[in-house]
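Hi,

Here is the structure I said I would pass on.

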Amino acid sequence: MSTQAPTSGPQRLVILDQSIKVLYQSILVLSLYFLFAGHNLPGGGFVGGLTAGAAVSLRYVSGGAMAVRTAFRLPSHIVLGLGLLVSAGTALIPVVLGGAVLEHGDREVGLPIFGDVKFVSALAFDIGVYLVVVGLVLMAFAAFGDDLGPIESTAPPEPPDGTGREAS
Amino acid sequence: MIGAVDFATWGGHLAADALAPDRGSIDVLVPFSVIVPLVAAAVSVIAARNRIAQRVIGLGALLAVLVANVVLLVRVDDMAEGIAVSQAGGWAAPLGISLVVDRLAAIMLVVSSLMLVSVLVFAIGQQAEERRFAAFHPVYLVLAAGVSASFITGDLFNLFVAFEMMLVASYVLLTLGGRPGQVRSGMSYVVISLIASTFFITALALVYSATGTVNMAELSERIPQLPSGVQTGFSLLLIIVFGIKAGLFPLFFWLPDSYPTAPNAVTAIFAGLLTKVGVYAIIRTQLLLFPDDARQGTLLLVVAALTMITGVLGAIAQDDLQRILSFHIISHIGYMIFGLALFTLAGIAGAIFYIVHHIVVKTALFLVAGMIERKAGSDRLSRIGGMVRSAPMIAVLFAFPALSIVGIPPFSGFVAKFALVDAGISVEQWPIVAVALAVSLLTMYVMGRIWAGAFWGTCEDAAVSDRLRPGQTRVPLLMTLSTAVVVAASIALVVFAGPMYDLAERAAVDLLVPQNYVQQVLGATK
């Protein structure tokens, strides 16, 4: 994924830009680690999502709102919606299978490199939470981030939640 | 091999666990009213660019919830124990999250989902905020989930979560459009809600440290073992928390300030449901958690009287239709608290009937106010008039809920008020009965003023009357239709007043004997 954002005016810092090229991917990997470690260790979907949000905000610091918008291929409201769908879906699927709401199962699987790994279906819920948090961070930058630099032409006033932008 | 992850085994494992509580299929429906709107909200966010799809999703989900809730009410009322319990995650009660639907919760679920569907149709017909903002549908569905969750939760902490869900959604709905007035009053709404939430979470922490649980059924067993001073403290703290939500006497000031600025449909649903969620929480916690001597009967009676009086006096002083009705909500919250504060079977049954009546009638009044504003171009009584000729349909739709809320016989308000006053007389609480009757009279004055201002007379303001030429502004059919449905529901309440009151009485019996609730929740998975 390229971090090369369109020029955002004279105040761009070369050192910041170059370090973010390294940091952005590393922090995203760390956030994924938090996401997967979260079942039994500190971490989880929310913490992972916040870490990914920190990576996104680094892009904002260096490249402005445009750099944030190009960070993910999917529009931010889709990320948010998918996240909510996945986590609310994990509440519903056990009911369809005949269990209680939000009921979860686990299963140990031997993988080639990782050894014995315990998969829990609660991970799906965590992934949903992760996506919701990331989507929310993206939306917040999309809605309120435009005053950093002359990257985008000034848009008409938007509703505070930012989804109005997606519709227009 | 990654392919070794076998989903079928998971499914089998889950199904085996589910066979343990052999309580039939009804418990499956308990979490339905929370999960379905949330899933629908997610799909609605993804479909943000397609308003038609959003409408289909929103209406479909809420209609499904309505049907499920009606089934739930019928089934729960049929059961001898009158309660359906679902333990989220399959964990037994003190560990897991209990979702409980007893008769009161089922009644509230049915009424609230009917209102949610009708108001959504109204909002679609209005072609205003619903059409302009992609956020409307998802947030409205989250609000629906939050309202349902606060009715069905059997766990004090999850009541907090449900409140937050509701509040976050209401922040967005309240400020939809971002006009300066909205943002200003939205700020005070956010601040007061945050203060209430802080009180709530503090109360939760204290309750947990004193009892070691937040499960309401367990609390019901453990709170009576605490020193009586501590019990009273918790009781008061929770009344303050929910009193802010409900708009009780000294804590109501935020309500008439913030509600009128929201879009019409939003105000209607807030007025119908949000304050009543607070009242529901007061009823639930007072009756379930606290033994007789920690209940605040006298305090609640005084607060109820003051709430009735200040609300109606505030309403008299206003000129703006939405503000009159907003002050008026407060006045009627007093009636519900009056019924509860008697702590008798008749009083609580009356309060439950009153809540149902008030949700329906108040929503109807706000929807009609929205129609008046659309038709006349203003909601200031001094600027509109003569609508009985220019819009006879609106006049009819206003007349029914207005007469009902005053308490004129054959309407549902009469039945509700009669039940409360009768309950008050039977325990000889003369002062509160007198206040309730006097406030009814003042309510009649308020409704009479709206009638005289909006429907009789002529329009004085020449500039506005230009826009009032007949045929100039037509009220969309969907707005009229959905308002008519709500008005019809209020009429149905009086046609079926007998069975409805019996149902309220059965719900009140359940509430007064919490042992059954405790046993069902704690024993459900044993």
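A quick definition before the notes: a crossing of two helices is called left-handed if the near helix is turned anticlockwise from the far one by less than a right angle, and right-handed if it is turned clockwise. Keep in mind as well that this is a predicted model.

The pair that needs that definition is in chain B: the crossing of H7(B) and H12(B) is left-handed. H7 covers residues 156-174 and H12 covers residues 264-289, and the two pack with their axes 12 Å apart, at an angle of about 160 degrees. Angles over 145 degrees count as roughly antiparallel, so H7(B) and H12(B) are roughly antiparallel to each other. On the H7(B) side, the residues that meet H12(B) are B:Leu159, B:Met166, B:Ser170, B:Leu173 and B:Leu174. Facing them from H12(B) are B:Val266, B:Phe270, B:Leu274, B:Val277 and B:Ala281. By class, that contact comes to nine nonpolar residues, one polar and no charged.

Now for the core. The largest nonpolar core has 246 residues, and the members that touch the most others are B:Ile107, B:Ile337 and B:Ile352. Helix H15 of chain B (residues 345-376) gives the most to this core, with 20 residues.

B:Gln127 is not a glycine, yet it has a positive phi of about 55 degrees. You'll find B:Gln127 in the loop between helix H4 (103-126) and helix H5 (129-132) of chain B. B:Gln127 has 13 C-beta neighbours inside 10 Å, so it counts as partly exposed. B:Glu428, also not a glycine, has a positive phi of about 60 degrees, and sits in the loop between helix H18 (412-426) and helix H19 (430-455) of chain B. Is B:Glu428 buried or exposed? With 7 C-beta neighbours inside 10 Å, B:Glu428 counts as exposed.

On to chain A, which has 168 residues, 46% of them buried. Its secondary structure comes to five helices and two strands, and along the sequence they run α-α-α-β-β-α-α. Among the chain A contacts with a separation of 6 or more, 66% are between residues 24 or more positions apart.

Chain A has a left-handed crossing as well, between H3(A) and H4(A). The axes of H3(A), residues 76-96, and H4(A) come within 7 Å and cross at roughly 155 degrees. That makes H3(A) roughly antiparallel to H4(A). The contact of H3(A) with H4(A) has 17 nonpolar residues, seven polar and no charged ones.

A residue to look at there is A:Val132, which lies in H4 (residues 122-144) of chain A. A:Val132 counts as buried because it has 24 C-beta neighbours inside 10 Å. Setting aside residues up to four places away in sequence, A:Val132 touches A:Gly49, A:Leu80, A:Gly83, A:Leu84 and A:Ser87. I also checked A:Val132 against A:Arg69: the two are 63 residues apart in sequence, and 16 Å apart in space from C-alpha to C-alpha.

Happy browsing!

Conventions: Residues are numbered from 1 along each chain as its sequence is written. Chains are lettered from A and ligands numbered from 1 in the order in which they are written. This is a predicted model: local features need pLDDT of at least 70, side-chain atom pairs count only at pLDDT 80 or more; totals for chains, interfaces and linings use all residues. Helices (H or I, at least four residues) and strands (E, at least two) are DSSP runs, numbered from the N terminus. A residue is buried if 20 or more other C-beta atoms lie within 10 Å of its own, exposed if 12 or fewer, and partly exposed in between; C-beta atoms are placed from the backbone. Two residues are in contact if their C-beta atoms, placed from the backbone, lie within 7 Å. A nonpolar core is a set of buried Ala, Val, Leu, Ile, Met, Phe, Trp, Tyr and Cys residues joined through C-beta atoms within 7 Å. Axes are lines fitted to C-alpha atoms, for helices over the stretch in contact, and angles run from 0 to 180 degrees between N-to-C directions. Angles under 35 degrees count as roughly parallel, over 145 as roughly antiparallel, 65 to 115 as roughly perpendicular and the rest as oblique. Ala, Val, Leu, Ile, Met, Phe, Trp, Tyr, Cys and Pro count as nonpolar, Asp, Glu, Lys and Arg as charged, and the others, Gly among them, as polar.
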